[in-house]
Amino acid sequence: MITLGEYIIKKQHELPNASGELSSLLGAIKLATKVVNREINKAGLVDIIGSTGLENVQGETQQKLDLFANEKFKAALEARGEVCGIASEEEDDYVSFNSKNSINSKYVVLMDPLDGSSNIDVNVSVGTIFSIYRRISPVGEPATLEDFLQPGNKQVAAGYVVYGSSTMLVYTTGNGVHGFTMDPSLGTFYLSHESMKFPEDGVIYSINEGNYLKFPQGVKKYLKYCQEIDSATKRPYTSRYIGSLVSDFHRNLLKGGIYIYPSTASAPKGKLRLLYECNPMAMLTEQAGGVASDGFKRILDIPPTELHQRVPFFCGSKNMVSDVEAMMREYSSDEE
(Lines give C-alpha, C1' and ligand atoms only; values in the text may rest on other atoms or scores of the structure.)
Protein backbone atom coordinates (compact mmCIF):
# COMPACT_ATOMS: atom_id res chain seq x y z
CA MET A 1 0.00 0.00 0.00
CA ILE A 2 1.38 3.38 -1.07
CA THR A 3 0.88 6.38 1.21
CA LEU A 4 0.06 9.87 -0.03
CA GLY A 5 3.50 11.13 0.99
CA GLU A 6 5.28 8.30 -0.81
CA TYR A 7 3.20 8.83 -3.93
CA ILE A 8 3.86 12.59 -4.05
CA ILE A 9 7.61 12.03 -3.82
CA LYS A 10 7.48 9.26 -6.42
CA LYS A 11 5.56 11.47 -8.86
CA GLN A 12 7.48 14.68 -8.18
CA HIS A 13 8.99 14.63 -11.66
CA GLU A 14 5.51 15.27 -13.10
CA LEU A 15 5.69 18.94 -12.10
CA PRO A 16 8.20 20.97 -14.15
CA ASN A 17 10.97 22.51 -12.00
CA ALA A 18 9.44 21.08 -8.82
CA SER A 19 11.51 20.25 -5.78
CA GLY A 20 10.59 19.05 -2.32
CA GLU A 21 8.57 22.22 -1.73
CA LEU A 22 5.44 20.88 -3.37
CA SER A 23 5.48 17.67 -1.34
CA SER A 24 5.92 19.71 1.83
CA LEU A 25 3.07 22.02 0.80
CA LEU A 26 0.75 19.09 0.15
CA GLY A 27 1.93 17.65 3.47
CA ALA A 28 0.67 20.81 5.19
CA ILE A 29 -2.72 20.40 3.49
CA LYS A 30 -2.78 16.76 4.58
CA LEU A 31 -2.09 17.73 8.19
CA ALA A 32 -4.84 20.36 8.27
CA THR A 33 -7.20 17.85 6.69
CA LYS A 34 -6.65 15.44 9.56
CA VAL A 35 -7.37 18.14 12.15
CA VAL A 36 -10.55 19.26 10.39
CA ASN A 37 -11.65 15.65 9.88
CA ARG A 38 -11.30 15.02 13.61
CA GLU A 39 -13.55 17.96 14.47
CA ILE A 40 -16.13 17.01 11.85
CA ASN A 41 -16.33 13.53 13.35
CA LYS A 42 -17.07 15.10 16.74
CA ALA A 43 -19.83 17.38 15.43
CA GLY A 44 -22.76 17.18 17.82
CA LEU A 45 -20.50 16.25 20.74
CA VAL A 46 -18.60 19.54 20.85
CA ASP A 47 -19.70 23.09 20.13
CA ILE A 48 -18.64 23.14 16.48
CA ILE A 49 -21.94 23.04 14.58
CA GLY A 50 -24.24 25.90 13.73
CA SER A 51 -23.82 29.49 12.66
CA THR A 52 -21.40 32.05 14.08
CA GLY A 53 -23.90 34.83 13.42
CA LEU A 54 -21.30 36.48 11.18
CA GLU A 55 -21.23 36.93 7.40
CA ASN A 56 -18.33 36.52 4.99
CA VAL A 57 -17.43 39.02 2.29
CA GLN A 58 -20.04 37.48 -0.04
CA GLY A 59 -22.80 38.15 2.47
CA GLU A 60 -23.21 34.47 3.36
CA THR A 61 -23.64 33.29 6.93
CA GLN A 62 -20.46 31.67 8.24
CA GLN A 63 -20.67 28.37 10.07
CA LYS A 64 -18.45 27.66 13.07
CA LEU A 65 -16.68 24.96 11.11
CA ASP A 66 -16.02 27.40 8.23
CA LEU A 67 -13.90 29.56 10.51
CA PHE A 68 -12.30 26.58 12.29
CA ALA A 69 -11.25 24.97 9.00
CA ASN A 70 -10.02 28.27 7.60
CA GLU A 71 -7.79 28.91 10.60
CA LYS A 72 -6.38 25.36 10.62
CA PHE A 73 -5.50 25.35 6.94
CA LYS A 74 -4.06 28.85 7.15
CA ALA A 75 -1.94 27.95 10.20
CA ALA A 76 -0.67 24.70 8.66
CA LEU A 77 0.32 26.41 5.41
CA GLU A 78 2.04 29.29 7.19
CA ALA A 79 3.94 26.99 9.55
CA ARG A 80 5.57 25.00 6.74
CA GLY A 81 6.85 28.17 5.07
CA GLU A 82 6.23 26.79 1.56
CA VAL A 83 3.70 29.43 0.46
CA CYS A 84 3.99 33.21 0.44
CA GLY A 85 0.28 33.70 0.96
CA ILE A 86 -3.24 32.33 0.76
CA ALA A 87 -6.63 33.47 -0.43
CA SER A 88 -9.74 31.93 1.04
CA GLU A 89 -13.46 32.09 0.56
CA GLU A 90 -13.65 33.02 4.25
CA GLU A 91 -11.19 35.94 4.04
CA ASP A 92 -12.11 39.41 2.78
CA ASP A 93 -8.66 39.82 1.18
CA TYR A 94 -5.65 37.66 0.48
CA VAL A 95 -3.28 36.94 3.37
CA SER A 96 0.47 37.40 2.88
CA PHE A 97 2.92 35.32 4.95
CA ASN A 98 6.04 37.36 5.57
CA SER A 99 8.36 35.12 7.58
CA LYS A 100 11.83 34.55 6.10
CA ASN A 101 10.90 31.13 4.71
CA SER A 102 7.45 32.12 3.47
CA ILE A 103 8.52 35.26 1.67
CA ASN A 104 11.10 33.24 -0.27
CA SER A 105 8.65 30.51 -1.25
CA LYS A 106 7.40 29.94 -4.78
CA TYR A 107 3.72 29.16 -4.30
CA VAL A 108 0.34 30.61 -3.30
CA VAL A 109 -2.72 28.60 -2.26
CA LEU A 110 -6.38 29.46 -2.83
CA MET A 111 -9.03 27.46 -0.98
CA ASP A 112 -12.56 26.84 0.11
CA PRO A 113 -11.75 25.45 3.57
CA LEU A 114 -15.12 23.80 4.13
CA ASP A 115 -17.41 23.41 1.15
CA GLY A 116 -21.05 22.67 2.03
CA SER A 117 -20.52 23.48 5.71
CA SER A 118 -24.24 23.89 6.44
CA ASN A 119 -24.56 20.13 5.83
CA ILE A 120 -22.60 19.45 9.03
CA ASP A 121 -25.69 20.13 11.14
CA VAL A 122 -27.51 17.24 9.46
CA ASN A 123 -24.56 14.81 9.19
CA VAL A 124 -24.11 15.03 5.41
CA SER A 125 -20.78 14.92 3.55
CA VAL A 126 -18.75 18.12 3.17
CA GLY A 127 -15.35 18.89 1.70
CA THR A 128 -12.30 21.09 1.25
CA ILE A 129 -11.12 22.47 -2.11
CA PHE A 130 -7.60 23.78 -2.79
CA SER A 131 -5.69 25.27 -5.69
CA ILE A 132 -1.93 25.88 -6.00
CA TYR A 133 -0.22 28.44 -8.26
CA ARG A 134 3.38 29.46 -8.77
CA ARG A 135 3.72 33.06 -7.65
CA ILE A 136 4.44 35.72 -10.29
CA SER A 137 5.74 38.41 -7.92
CA PRO A 138 9.48 38.45 -7.14
CA VAL A 139 10.67 35.87 -4.62
CA GLY A 140 11.78 37.61 -1.44
CA GLU A 141 8.99 40.18 -1.52
CA PRO A 142 5.45 39.99 -0.04
CA ALA A 143 2.75 38.32 -2.12
CA THR A 144 0.66 40.60 -4.32
CA LEU A 145 -2.91 40.48 -5.60
CA GLU A 146 -1.62 39.50 -9.04
CA ASP A 147 -0.26 36.25 -7.58
CA PHE A 148 -3.85 35.19 -6.89
CA LEU A 149 -5.60 36.63 -9.96
CA GLN A 150 -4.20 34.06 -12.38
CA PRO A 151 -6.36 32.09 -14.83
CA GLY A 152 -7.02 28.48 -13.94
CA ASN A 153 -4.79 27.23 -16.75
CA LYS A 154 -1.81 28.45 -14.68
CA GLN A 155 -2.53 26.10 -11.76
CA VAL A 156 0.28 23.71 -10.90
CA ALA A 157 -1.89 21.53 -8.66
CA ALA A 158 -5.45 21.29 -7.40
CA GLY A 159 -7.50 18.95 -5.29
CA TYR A 160 -10.24 18.35 -2.80
CA VAL A 161 -10.96 16.40 0.35
CA VAL A 162 -14.34 14.75 0.88
CA TYR A 163 -15.32 14.05 4.49
CA GLY A 164 -17.90 11.31 4.15
CA SER A 165 -18.36 7.65 5.03
CA SER A 166 -14.60 7.61 4.48
CA THR A 167 -12.26 10.58 4.15
CA MET A 168 -10.64 10.90 0.74
CA LEU A 169 -8.07 13.32 -0.66
CA VAL A 170 -8.07 13.65 -4.46
CA TYR A 171 -5.46 15.72 -6.29
CA THR A 172 -3.75 16.42 -9.60
CA THR A 173 -0.46 18.03 -10.57
CA GLY A 174 -1.40 18.02 -14.26
CA ASN A 175 -0.74 14.34 -14.90
CA GLY A 176 -3.95 12.56 -14.01
CA VAL A 177 -6.21 12.53 -10.96
CA HIS A 178 -5.39 10.29 -8.01
CA GLY A 179 -7.41 9.50 -4.87
CA PHE A 180 -6.25 8.52 -1.39
CA THR A 181 -8.42 7.14 1.39
CA MET A 182 -7.62 7.73 5.06
CA ASP A 183 -7.19 4.74 7.35
CA PRO A 184 -8.81 6.19 10.51
CA SER A 185 -6.94 3.79 12.79
CA LEU A 186 -3.58 5.15 11.59
CA GLY A 187 -4.49 8.62 10.33
CA THR A 188 -2.70 7.78 7.08
CA PHE A 189 -3.86 8.34 3.51
CA TYR A 190 -3.33 5.37 1.19
CA LEU A 191 -3.60 5.28 -2.61
CA SER A 192 -7.02 3.81 -3.38
CA HIS A 193 -8.03 5.34 -6.74
CA GLU A 194 -5.21 5.84 -9.23
CA SER A 195 -5.80 7.64 -12.55
CA MET A 196 -9.47 8.46 -11.94
CA LYS A 197 -11.52 9.15 -15.08
CA PHE A 198 -14.95 10.58 -15.85
CA PRO A 199 -16.96 8.21 -18.07
CA GLU A 200 -17.62 10.05 -21.37
CA ASP A 201 -21.36 9.48 -20.87
CA GLY A 202 -23.20 9.57 -17.58
CA VAL A 203 -26.72 9.11 -16.26
CA ILE A 204 -26.67 11.51 -13.27
CA TYR A 205 -27.41 15.21 -13.27
CA SER A 206 -26.78 17.35 -10.17
CA ILE A 207 -28.53 20.69 -9.85
CA ASN A 208 -30.74 22.49 -7.35
CA GLU A 209 -34.02 22.12 -9.24
CA GLY A 210 -35.77 24.30 -6.67
CA ASN A 211 -34.39 27.27 -8.64
CA TYR A 212 -35.87 26.00 -11.93
CA LEU A 213 -37.97 29.09 -12.63
CA LYS A 214 -34.87 31.29 -12.37
CA PHE A 215 -32.71 29.21 -14.76
CA PRO A 216 -31.68 30.28 -18.28
CA GLN A 217 -33.83 28.75 -21.01
CA GLY A 218 -30.99 26.51 -22.20
CA VAL A 219 -30.70 24.90 -18.75
CA LYS A 220 -34.48 24.40 -18.56
CA LYS A 221 -34.42 22.65 -21.93
CA TYR A 222 -31.54 20.43 -20.84
CA LEU A 223 -33.38 19.40 -17.67
CA LYS A 224 -36.42 18.43 -19.72
CA TYR A 225 -34.09 16.46 -22.01
CA CYS A 226 -32.68 14.64 -18.95
CA GLN A 227 -36.19 13.69 -17.85
CA GLU A 228 -37.43 12.38 -21.20
CA ILE A 229 -37.71 8.64 -21.85
CA ASP A 230 -35.23 7.36 -24.44
CA SER A 231 -33.73 3.91 -23.97
CA ALA A 232 -30.97 4.50 -26.54
CA THR A 233 -29.45 7.24 -24.37
CA LYS A 234 -30.48 5.63 -21.05
CA ARG A 235 -32.86 8.45 -20.26
CA PRO A 236 -34.45 9.55 -18.05
CA TYR A 237 -31.27 10.34 -16.17
CA THR A 238 -31.10 10.17 -12.39
CA SER A 239 -31.26 13.40 -10.36
CA ARG A 240 -28.82 13.51 -7.44
CA TYR A 241 -28.00 16.70 -5.54
CA ILE A 242 -26.28 16.83 -2.15
CA GLY A 243 -25.64 20.55 -1.91
CA SER A 244 -21.90 20.17 -1.42
CA LEU A 245 -19.89 20.70 -4.62
CA VAL A 246 -17.18 18.30 -3.48
CA SER A 247 -19.65 15.51 -2.72
CA ASP A 248 -21.65 15.93 -5.92
CA PHE A 249 -18.48 16.17 -8.01
CA HIS A 250 -16.92 13.10 -6.36
CA ARG A 251 -19.99 10.95 -7.07
CA ASN A 252 -20.16 12.07 -10.69
CA LEU A 253 -16.44 11.46 -11.18
CA LEU A 254 -16.81 7.88 -10.01
CA LYS A 255 -20.14 7.09 -11.70
CA GLY A 256 -20.44 9.52 -14.61
CA GLY A 257 -22.59 12.61 -14.53
CA ILE A 258 -22.83 16.38 -14.77
CA TYR A 259 -22.85 19.09 -12.10
CA ILE A 260 -24.64 22.33 -12.96
CA TYR A 261 -24.78 25.61 -11.04
CA PRO A 262 -25.96 28.11 -13.67
CA SER A 263 -26.67 31.79 -13.53
CA THR A 264 -30.11 32.63 -12.25
CA ALA A 265 -32.39 35.63 -12.37
CA SER A 266 -31.27 36.54 -8.84
CA ALA A 267 -27.58 35.66 -9.44
CA PRO A 268 -26.88 36.61 -13.07
CA LYS A 269 -23.13 35.98 -12.70
CA GLY A 270 -23.63 32.62 -11.02
CA LYS A 271 -22.93 31.73 -7.41
CA LEU A 272 -19.81 29.57 -7.24
CA ARG A 273 -16.44 31.27 -6.84
CA LEU A 274 -14.09 31.06 -9.83
CA LEU A 275 -10.87 31.00 -7.81
CA TYR A 276 -11.81 28.83 -4.84
CA GLU A 277 -14.23 26.34 -6.39
CA CYS A 278 -14.50 26.39 -10.17
CA ASN A 279 -10.85 26.61 -11.24
CA PRO A 280 -9.58 23.76 -9.05
CA MET A 281 -12.57 21.55 -9.91
CA ALA A 282 -12.13 22.42 -13.60
CA MET A 283 -8.48 21.35 -13.53
CA LEU A 284 -9.45 18.06 -11.89
CA THR A 285 -12.28 17.62 -14.41
CA GLU A 286 -10.05 18.05 -17.44
CA GLN A 287 -7.31 15.86 -15.99
CA ALA A 288 -9.97 13.17 -15.52
CA GLY A 289 -11.13 13.43 -19.13
CA GLY A 290 -14.19 15.59 -18.50
CA VAL A 291 -15.20 19.12 -19.50
CA ALA A 292 -15.67 22.22 -17.33
CA SER A 293 -17.45 25.25 -18.77
CA ASP A 294 -19.45 28.34 -17.85
CA GLY A 295 -22.01 27.15 -20.40
CA PHE A 296 -20.21 28.74 -23.34
CA LYS A 297 -16.45 28.66 -22.78
CA ARG A 298 -13.71 26.83 -20.90
CA ILE A 299 -13.56 27.71 -17.21
CA LEU A 300 -9.75 27.54 -17.08
CA ASP A 301 -9.44 30.32 -19.69
CA ILE A 302 -11.56 32.88 -17.81
CA PRO A 303 -9.35 35.81 -16.66
CA PRO A 304 -10.02 36.59 -12.97
CA THR A 305 -10.74 40.21 -12.15
CA GLU A 306 -11.40 39.94 -8.40
CA LEU A 307 -10.77 37.49 -5.57
CA HIS A 308 -14.39 36.57 -4.99
CA GLN A 309 -15.52 36.54 -8.62
CA ARG A 310 -18.49 34.29 -9.37
CA VAL A 311 -19.23 32.34 -12.55
CA PRO A 312 -21.82 29.83 -13.80
CA PHE A 313 -20.40 26.30 -13.61
CA PHE A 314 -21.01 23.16 -15.66
CA CYS A 315 -18.65 20.21 -15.24
CA GLY A 316 -18.53 16.48 -15.66
CA SER A 317 -18.79 13.79 -18.32
CA LYS A 318 -17.71 15.10 -21.72
CA ASN A 319 -20.82 14.28 -23.73
CA MET A 320 -23.24 15.54 -21.09
CA VAL A 321 -21.52 18.93 -20.88
CA SER A 322 -21.45 19.14 -24.69
CA ASP A 323 -25.22 18.57 -24.78
CA VAL A 324 -26.02 21.33 -22.30
CA GLU A 325 -23.57 23.75 -23.97
CA ALA A 326 -25.34 23.20 -27.29
CA MET A 327 -28.70 24.05 -25.70
CA MET A 328 -27.23 27.10 -23.95
CA ARG A 329 -25.98 28.43 -27.29
CA GLU A 330 -29.25 27.61 -29.04
CA TYR A 331 -31.41 29.56 -26.61
CA SER A 332 -29.02 32.36 -25.57
CA SER A 333 -29.99 34.56 -28.54
CA ASP A 334 -33.66 34.30 -27.55
CA GLU A 335 -32.91 35.62 -24.06
CA GLU A 336 -30.88 38.51 -25.41
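Visitor: Which residues line the second largest cavity?

Guide: In this predicted model, the lining of the second largest cavity consists of I207, N208, N211, F215, I260, Y261, P262 and T264. The volume of that cavity is about 30 Å³. A search of the whole structure for cavities of 30 Å³ or more finds two.

Visitor: How do you know how the lining of the second largest cavity divides into nonpolar, polar and charged residues?

Guide: Ile, Phe, Tyr and Pro count as nonpolar, and I207, F215, I260, Y261 and P262 are in the lining. That lining has five nonpolar residues, three polar and no charged.

Visitor: Why is E39 called buried?

Guide: Buried means under 20% relative accessible area. E39 has 9% relative accessibility, so E39 counts as buried.

Visitor: What makes E39 and K42 a salt bridge?

Guide: The nitrogen of a Lys side chain must lie within 4 Å of a carboxyl oxygen of Asp or Glu. The closest N and O atoms of E39 and K42 are 3.4 Å apart, so the pair meets the cut-off. K42, at 30% relative accessibility, is partly exposed. R38, E39 and K42 are linked in a network of salt bridges, and the structure holds 13 salt bridges.

Visitor: Why are E71 and K74 separated by about one helical turn?

Guide: Both belong to helix 3 (residues 64-80) and are three residues apart, which means a separation of about one helical turn. E71 forms a salt bridge with K74, with 3.5 Å between the closest N and O atoms. E71 is partly exposed at 41% relative accessible area, whereas K74 is buried at 14%.

Visitor: Is D294 buried or exposed?

Guide: D294 has a relative accessible area of 9% and is therefore buried, the cut-off being under 20%. D294 forms a salt bridge with K297, the closest N and O atoms being 2.8 Å apart. K297 is partly exposed, with a relative accessible area of 46%.

Visitor: Why is S165 called exposed?

Guide: Exposed means over 50% relative accessible area. S165 has 88%, so S165 is exposed. S165 sits in the loop between strand 7 (155-163) and strand 8 (167-172). S165 and S125 are 40 residues apart in sequence, and their C-alpha atoms are 7.8 Å apart in space.

How values were computed:
Residues are numbered from 1 along each chain as its sequence is written. This is a predicted model: local features need pLDDT of at least 70, side-chain atom pairs count only at pLDDT 80 or more; totals for chains, interfaces and linings use all residues. Side-chain values use heavy atoms; hydrogens and water are left out. On a 1 Å grid over the protein atoms alone, a cavity is a set of points where a 1.4 Å probe fits but cannot get out, and a pocket is an open set with protein on both sides within 12 Å along at least five of seven lines; lining residues have an atom within 4 Å of a point. Grid points are joined across faces, edges and corners, and a volume is the space filled by probe spheres set on the points. Helices (H or I, at least four residues) and strands (E, at least two) are DSSP runs, numbered from the N terminus. Buried means under 20% relative accessible area, exposed over 50%, partly exposed in between (1.4 Å probe, protein chains only).
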